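Colleague: I would like to go through the labels used for this model and hear what each one rests on.

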Amino acid sequence: MTQYLRDIKDAVVSAFKGMGITSKHLAKKPVTLQYPDERWVLPERFKGFIINDTHRCDACLRCAKVCPVDCIYIETTGKAKDRYMYRYAIDYNKCIWCGLCVAECPTDACQHSLDYDHALYDRTRLVYEFTSPAKPIPCHKETRLEQGYYVPNADEERAKLAAKKEAELKKAEDETAAPDPSPDEGKVE
Amino acid sequence: MESITGLLTKIFGDGMSPMALLISGGLTMALIMSLVMAMCAIVFTWMERKVAGFLQSRYGPMRVGGFHGVLQPVADMLKILGKEDIIPDEADKALFMLSPFVIFIGSLMAWAAIPFAPGFIASNLDLGLFYIFAVSSAAPAGILMAGWASNNKWALYGAARGAAQMVSYEIPLALAAIPVVMATGSLNMNAIVDAQGGGVLNWYIVHDPFLFLAFCLYFIASIAEVNRGPFDMPETESELVAGYHTEYTGMRFAFFFLAEYANLFLVSCIATAVFLGGWHPIAGPVFLPGLVFLIKAVILVFLQMLVRWTLPRLRVDQLMHTCWKVMVPLTLLCVLGSGIWMMVSGELL
């Protein structure tokens, strides 16, 4: 009988204890975020979708080579100064966000963006193109400098280029001034 | 009913014969009560989801209809209307189609004797309270029919459990209301509410300690009677898929759902009328009686939701133990105790 009464008392007390806890939560502000309207503040090194800054990219192909799942497609045409990149695409169906391309990129063209919500209805649309064939990106240092694209240590490179041009110009001047300064030289071969 | 027939005579003049007046008044009232039931389902599904959400530190529906997802029930209803109506091949078709309506009508009939406001009662029966408990016991029949006709083992388990539970808990439910009947000396719902007029101290919940206990027992038994957590044995999602309505889809399922939420409100309305003074406010004269009644009933509904989202489900044996070994003796004690109380305090003499 005492056990019976104690059971009833325990049941009532524990029920009220539980209701007290849930009632407390009723007054608290919910912890959920209204996702599309409110968002988390992303950490600085958030590994979001990888983007390629085509202004900085010179198609060195290191990212495509280091990619473990081969999701980066780079297509170029021409050689040396005429080498142009007409396609840089990342297939996010394959991408595993390992970040190796970002670590490898010498010009910091490959970067993690802060984007992450790219759910789509069609998986073919997850292949993102960063360039258009109509506007190919120059790859050679000199053509890049001429067309105003990013080159590491641009000032030095520009100075070098200017020096080289000057030298060429001087050479040409010398050639015009003395049409045949040393005819023997050409016959060395 | 009086107010409705009065309104009808005002609209159509005195030309109506008493019979026509009775039938049209009854139909009007039935329509109003069906609408009340539908509104219950609409309002309380939204409320249930919001309460459940906030109890768990989340929001619940937020997207449909601007402010806090107020149009979510409408979206749910449209979804349910668009569902395919599936009747299993092996089901007993006639019973399968009939059972949602049996449950629905059992619930609708009980509304006839609920006094929402002075004069606003579908049928002012002398045996009002008795009538309510009598017709609401049609629900186990509907549940058994649904479970049997589905020809599904989960549905049958759920139905058997549900019927056993509802039949058992009807006893403490009715016994808990008996002290009030003793105090009033009537089963008429209007008389019960009228006897509680004039401030909170005249409500039966504070009449004597035994009546307070009776109210608590009524509240617990009513949760079990409407098959909600922690007594949701007939449904037990984790064990029986969905219990007796496992095989139901679309509008047939909606009828079960409608009846569940209507019953939830019904037992709260009975508790309001019987224990909490019906349309009488806490103090002062009767003011907006319908609104006062609704507020009290909705507070009770909220309490039932709080209980549902707090307490874990009981095992079947615990459920039966609670009913037969705890609640029935305690309600009998209430009947005896309040009888002695009334004799000692001189009310009976």
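Modeller: A:V151 sits in the loop of chain A between α4 (141–146) and α5 (154–177); helices here are DSSP runs of H or I with at least four residues, strands are runs of E with at least two, and both are numbered from the N terminus. This is a predicted model, in which local features need pLDDT of at least 70 and side-chain atom pairs pLDDT 80 or more, while totals for chains, interfaces and linings use all residues. Residues are numbered from 1 along each chain as its sequence is written, and chains are lettered from A in the order in which they are written.

Colleague: Why does A:V151 count as partly exposed?

Modeller: A residue is buried with 20 or more other C-beta atoms within 10 Å of its own, exposed with 12 or fewer, and partly exposed in between, with C-beta atoms placed from the backbone. A:V151 has 19 such neighbours, so it counts as partly exposed.

Colleague: Which residues does A:V151 touch, not counting those up to four places away in sequence?

Modeller: They are A:K141, A:R144, A:L145 and A:E157, where contact means C-beta atoms, placed from the backbone, within 7 Å. The C-alpha atom of A:R39, 112 residues away along the chain, is separated from that of A:V151 by 36 Å.

Colleague: What makes β2 (residues 72–77) and β3 (residues 84–91) of chain A a pair?

Modeller: Two strands pair if DSSP finds at least two bridges between them. β2(A) and β3(A) are joined by six and run antiparallel, so by that definition they pair. A:T77 stands opposite A:Y84. The two strands form a hairpin with six residues between them, and A:G78 in the turn has a positive phi of about 80 degrees.

Colleague: How many bridges join β3(A) to β6 (residues 137–138) of chain A?

Modeller: Two, with the strands antiparallel; A:M85 stands opposite A:I137 there. β3(A) also pairs in the antiparallel sense with β5 (residues 127–129) of chain A, over three bridges, and A:A89 stands opposite A:E129.

Colleague: What makes a set of residues a nonpolar core?

Modeller: Its members are buried Ala, Val, Leu, Ile, Met, Phe, Trp, Tyr and Cys residues joined through C-beta atoms within 7 Å. The largest has 98 residues, and B:Y218 and B:F265 touch the most other members. Helix α11 (residues 250–274) of chain B gives the largest share, 16 residues.

Colleague: Which residues does B:F265 contact, leaving aside neighbours within four places in sequence?

Modeller: B:C40, B:F44, B:A297 and B:V301.

Note on methods:
Two residues are in contact if their C-beta atoms, placed from the backbone, lie within 7 Å.
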